[in-house]
Amino acid sequence: MTKGFVIAIDGPAGAGKSTIARKAAAALGFAYIDTGAMYRSVTWKLLQTGKPFSEELAGKLAGEIRISFRPEGNRNRVFVDETEVTEDIRSAAVTKLVSRVAAVPAVREAMVDQQRRMGREGNVVLDGRDIGTVVFPDSPCKIYLTASVEERARRRGKELEEKGQAVDYKALQAEIAARDKQDMERAVSPLKQADDAIYLDTSDMSIDEVTGAILRLAGERRPKA
Ligand code: CDP
């Protein structure tokens, strides 16, 4: 049984899930769990070994890894076995491989197990691909956040430019579309909207508008004490 109130936010790459989830969690005083950062952390650890990708290695590392989050200001710092990986897990090498790692059943089992344990401890916002469908299917507050692939590439490109990186928008759009396809077509826990999730197309919405919509929904859905 879950003790707290779980807000489940799913959707494709670059829909703004992590920004919105972090803001909503801060406004509500809830914990925030970025499940994408967990799959990225396993991928980072795999790359650190210098060995080529294999399902077996990915599964083994996922079973051993210790991931923790430390919220600080407007970001969520990520640690793997005491090493800070906040920036490194966003590298192009990790982004390129992460969907393959996330498709490995043993990896998903290990991560979902940790997510359920963290979510059971109290009120929490989680964002990912399978939160409403697999991790917390009983959550009364599910949102499927999306936007057009052009808009998602534009947002992600802006983020990268702000970090000082040069951006090829065509390539970025292709990378996002490829990751969407891989995440939606995989056999285990594919990305899809839960039947009872609210669909929110954010293409023409500001961050504050989307956060406001989610906070309103959370207010309506939160079990009355
Ligand atoms: O931030 P961005 O939209 O680029 O992706 P992310 O949320 O960091 O997730 C990275 C990848 O992890 C996704 O493309 C999925 O392959 C995988 N993932 C997943 O399979 N299940 C989740 N609950 C979260 C992420």
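Q: Is the crossing of α2 past α5 left-handed or right-handed?
A: The model is predicted. In it, helix α2 covers residues 35–49 and helix α5 covers residues 105–120. Where α2 passes α5, the crossing is right-handed.

Q: Which word describes the direction of α2 relative to α5: parallel, antiparallel, perpendicular or oblique?
A: The axes of α2 and α5 lie 11 Å apart, and the packing angle is about 140°. Angles over 145 degrees would count as roughly antiparallel and 65 to 115 as roughly perpendicular. The relation of α2 to α5 is therefore oblique.

Q: Which helices do the buried residues of α4 pack against?
A: Helix α4 spans residues 92–102, and its buried residues are Val94, Thr95, Leu97, Val98, Ser99, Val101 and Ala102. These pack against α2, α3, α5 and α8.

Q: Which residue just after α1 takes a positive phi?
A: Helix α1 has twelve residues, 17–28, and reaches 16 Å from its first C-alpha to its last. Its buried residues are Lys17, Thr19, Ile20, Ala21, Ala24 and Ala25, and their cover includes β1, β2, β6, β7 and α9. Just after this helix, a phi of about 75° belongs to glycine 29.

Note on methods: Residues numbered from 1 in each chain as written. Predicted model: local features only at pLDDT ≥ 70, side-chain atom pairs only at ≥ 80, totals over all residues. Heavy atoms only, no water. Helix = DSSP H or I, 4+ residues; strand = E, 2+ residues; numbered from the N terminus. Expected span 1.5 Å × (residues − 1). Buried < 20%, exposed > 50% of the residue type's maximum accessible area, 1.4 Å probe, protein only. Contact = heavy atoms within 4.5 Å. Axes fitted to C-alpha atoms, helices over the stretch in contact; angles between N-to-C directions. Parallel < 35°, antiparallel > 145°, perpendicular 65-115°, else oblique. Left-handed = near helix turned anticlockwise from the far one by under 90°.
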